[in-house]
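Here is a friendly walk through a single protein chain. Please keep the structure open beside the text as you read.

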Amino acid sequence: MLPEVADWLHRRSWTTADRPPADLLAAKRAAGPAGTVSVVLPALDEEPTVGEIVRVIRRELMERLPLVDEIVVVDSGSMDGTAAAAAAAGARVVHRDDVLPRLPAAPGKGEVLWRSLLVTSGEIVCFIDADLREFDPAFVSGIVGPLLTDPAIQLVKAMYDRPLETDGAVVPAGGGRVTELVARPLLNLHWPQLAGFVQPLGGEYAARRSLLERLPFPTGYGVELGLLVDALDLVGLDALAQVDVGVRHHRHQDGQALGRMAATIYRTALERLDRTHRLKTTPDLVHPLLTQFTRDPATREFTAHTHPVGALERPPMITIPDYVHHQGLGELRRRPRKR
């Protein structure tokens, strides 16, 4: 580990207990408009879990401790009752295709997060995955805390234990397989300053709008790695932080879904290496397709399935005229200084 990363780990890694609720509320009130918080849940067929997450946030962080100003669920085309469950629990539900309708939506989580900037108003934006079970409000209060109390912090990731829970069995540290097999090796090899992040691909993180609106958003599974790498480049390591929020319980994907996720994340990393001229590529070096195999239970034959490995990215939101008009920005926000 680089000495600067070891130092960063000591100074920029906290637990939720480091900032008591009373301190957070006082900091929010002192910050005024800069302390407004929007919570965004990107959701696709998450009816079993999304309602409870919204209820907990409303009860604990809007009514008992007024830290959160709005909860927005952005539905990216659910076929179940996700939207109804979220609305019944008290969230404002927005359908992805209704946001910036002049631009056809691309599939993927990153697309939803990018568009959410157009339908939220908080100066601090907190992203929370909608498939979490046994949801703890510390997932929100913990990661917005450093942003409320320290103006030097720009982006905060949650860190947690991630057990693998399948068929009634629990492997305490078995989750996060794509993180350990793909993302962590990539970051350690190419962006060693980010080696201190415990959960670099975690879907729970908060950031200042003034940073998010200046970052490109990969539309697919590469969004978390892309935002982290680009934030490092824009504002520097010392503006990034992480907070221990406990244990994350969620739905796990099968091996083939993880393979597609891994391929997309790897391609996202390649795009950034090429963009910064750290890895010289030729047009035919990356073959943007992933072939996987399944066995037909009836014929016992293997069937190939080929999936595109997407690389579409949305530009920084601050460059979109609709956003500038919506936010009422007479002039572009001052670019965060690199620290």
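**The chain as a whole**

Please bear in mind that this is a predicted model. The chain contains eleven helices and 16 strands. It has 339 residues, and 54% of them count as buried. If we look at contacts between residues at least 6 apart in sequence, 73% of them join residues at least 24 apart. As for the surface, the chain exposes about 15400 Å², and carbon and sulfur atoms supply 56% of that area.

| Helix pair | Angle | Distance between axes |
|---|---|---|
| H3 (residues 47-64) and H4 (residues 82-89) | about 15° | 8 Å |
| H9 (residues 223-235) and H10 (residues 255-275) | about 25° | 9 Å |
| H2 (residues 21-31) and H6 | roughly 45° | within 9 Å |

Let us begin with H3 and H4, which pack at an angle of about 15°. An angle under 35 degrees counts as roughly parallel, and H3 and H4 are therefore roughly parallel to each other. H3 passes H4 in a right-handed crossing. On the H3 side, the contact is made by Glu47, Val50, Gly51, Val54, Arg55 and Arg58, while H4 brings Thr82, Ala85, Ala86 and Ala89. Sorted by class, the residues of this contact between H3 and H4 are five nonpolar, two polar and three charged.

Next come H9 and H10, with an angle of about 25° and axes 9 Å apart. That angle makes H9 roughly parallel to H10. The crossing of H9 past H10 is right-handed. Here H9 contributes Leu225, Gly226, Val229 and Asp230, and H10 contributes Ile265, Thr268, Ala269, Arg272 and Arg275. The contact of H9 with H10 holds four nonpolar, two polar and three charged residues.

The crossing of H2 and H6 is left-handed. The residues of the contact of H2 with H6 divide into three nonpolar, three polar and one charged.

**Isoleucine 143 in H6**

Staying with H6, which spans residues 138-149, we find isoleucine 143 in this helix. Is isoleucine 143 buried or exposed? Its relative accessible area is 0%, so isoleucine 143 is buried. Leaving aside neighbours within four places in sequence, isoleucine 143 is in contact with Cys126, Ile128, Ala138, Val156, Lys157, Ala158, Glu204, Tyr205 and Ala206. Another pairing to look at is with glutamine 242: the C-alpha atoms of isoleucine 143 and glutamine 242 are 7.3 Å apart in space, although the two residues are 99 apart in sequence.

**Proline 3 in H1**

Now to helix H1 (residues 3-12), where proline 3 lies. Proline 3 has a relative accessible area of 68%, and because exposed means over 50%, proline 3 is exposed. How far apart in space are proline 3 and glutamine 193, C-alpha to C-alpha? The distance is 9.5 Å, and the two residues are separated by 190 residues in sequence.

**Two residues with positive phi**

The last stop is the backbone of two loop residues. Leucine 100 is not a glycine, and yet its phi is positive, at about 55°. You will find leucine 100 in the loop between strand S4 (92-95) and helix H5 (109-116). With a relative accessible area of 7%, leucine 100 is buried.

Glutamate 134 is also a residue other than glycine, and its phi has a positive value near 55°. Its place is in the loop between strand S6 (132-133) and H6. Which label does glutamate 134 receive at 60% relative accessibility? Glutamate 134 counts as exposed, whereas leucine 100 counts as buried.

Terms used. Residues are numbered from 1 along each chain as its sequence is written. This is a predicted model: local features need pLDDT of at least 70, side-chain atom pairs count only at pLDDT 80 or more; totals for chains, interfaces and linings use all residues. Side-chain values use heavy atoms; hydrogens and water are left out. Helices (H or I, at least four residues) and strands (E, at least two) are DSSP runs, numbered from the N terminus. Buried means under 20% relative accessible area, exposed over 50%, partly exposed in between (1.4 Å probe, protein chains only). Contact means heavy atoms within 4.5 Å. Accessible areas come from the Shrake-Rupley method with a 1.4 Å probe; for residues, only the protein chains shown count as cover. Axes are lines fitted to C-alpha atoms, for helices over the stretch in contact, and angles run from 0 to 180 degrees between N-to-C directions. Angles under 35 degrees count as roughly parallel, over 145 as roughly antiparallel, 65 to 115 as roughly perpendicular and the rest as oblique. A crossing is left-handed if the near helix is turned anticlockwise from the far one by less than a right angle, and right-handed if clockwise. Ala, Val, Leu, Ile, Met, Phe, Trp, Tyr, Cys and Pro count as nonpolar, Asp, Glu, Lys and Arg as charged, and the others, Gly among them, as polar.
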